[in-house]
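Work through the exercises below with the sequence and the model at hand. Each task is followed by a solution in steps.

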Amino acid sequence: MKRALITLVSVIVGVGIVVGVGYVAFTASEEPAVIVAKPNGTMQTPKGELPHAVLDLSVYPNSSKDVPAPKTANAIQANWLSGQPFYGPSTSIQVPANSVVTINFTQYDSGGTIYNDFFARVHGSMDGTISWNGKSVKSIPQDQMAHTFTVHQYPESSQPYFFLSVPLPQNPPDAKTNKAGFAEQPQQISVTFITGEAGTYIWNCEFPCGDLYQEFGGPMQTRGWMAGTFEVV
């Protein structure tokens, strides 16, 4: 009788753990609110005159009183991601199809050296460059990287091919920061690219700025923080 009771309790506890983990995984996968690129007239491009849209994103080293952390599923996830970097105001992005789009990044974080210099180079922009503090560049020095904004296909995708990778430079180690740890004079980066037909893609940061798994865990695998969806509509 005692053995049977212990077995029953063990099964109940095991089921509870499985259900709990499943719930955490489910709630953690919920998408943040969508931010939509705003129409901004038209622009001349290599493909002729196209509708133009603009979107603003910021990269923060951590949350603060003025910049709260992204919404988390539960206290466990909130504790796990505490003090980690994130994109704002959201990681769920929507841009128009068959248009030219400009994304302006304000980058407040520090950085270091990226493992793969492929991601220190610009890929997928309209002219192969980005604007970095007003200067047109094709790459960022490999040892001055902070993050990337890299949009790519789902595996075995049947939708139109789309790839965009924007290197975001670090703020210098001696940069002045405010009480929240944000650079007082953040890096300003802009990229302009052309979209094709409608499709749903994913994006993430390719700089190892998280924890676990060679620093590719934590915020880097969490939508709402350093990864999200990219919809062309």
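**Exercise 1.** Find the element in which Val54 lies, then list the residues it touches beyond four places in sequence.

Solution. Step one: in this predicted model, Val54 belongs to strand β3, which covers residues 48–60. Step two: with residues up to four places away in sequence set aside, Val54 touches Ala37, Lys38, Asn40, Thr102 and Asn104. Step three: for Gly41, the C-alpha to C-alpha distance to Val54 is 9.8 Å, at a sequence separation of 13 residues.

**Exercise 2.** Locate Thr129 and decide whether Thr129 is buried or exposed.

Solution. Step one: Thr129 sits in the loop between β6 (100–107) and β7 (130–132). Step two: the relative accessibility of Thr129 is 14%. Step three: buried means under 20%, so Thr129 counts as buried.

**Exercise 3.** Which residues are in contact with Thr129, and which side chain makes a polar contact with that of Thr129?

Solution. Step one: leaving out neighbours within four places in sequence, the contacts of Thr129 are Val122, Ser136, Val137 and Lys138. Step two: the side chain of Ser136 makes a polar contact of 3.3 Å with the side chain of Thr129.

**Exercise 4.** Describe the chain as a whole by its elements, burial, contacts and surface.

Solution. Step one: the chain has two helices and 13 strands. Step two: 43% of its 233 residues count as buried. Step three: of the contacts between residues at least 6 apart in sequence, 73% join residues at least 24 apart. Step four: the accessible surface is about 12,500 Å², and carbon and sulfur atoms account for 57% of that surface.

Definitions and conventions
Residues numbered from 1 in each chain as written. Predicted model: local features only at pLDDT ≥ 70, side-chain atom pairs only at ≥ 80, totals over all residues. Heavy atoms only, no water. Contact = heavy atoms within 4.5 Å. Buried < 20%, exposed > 50% of the residue type's maximum accessible area, 1.4 Å probe, protein only. Areas by Shrake-Rupley, 256 points an atom, 1.4 Å probe, with all protein chains shown as cover. Polar contact = N/O pair within 3.5 Å; in protein donor to acceptor, adjacent residues only side chain to side chain.
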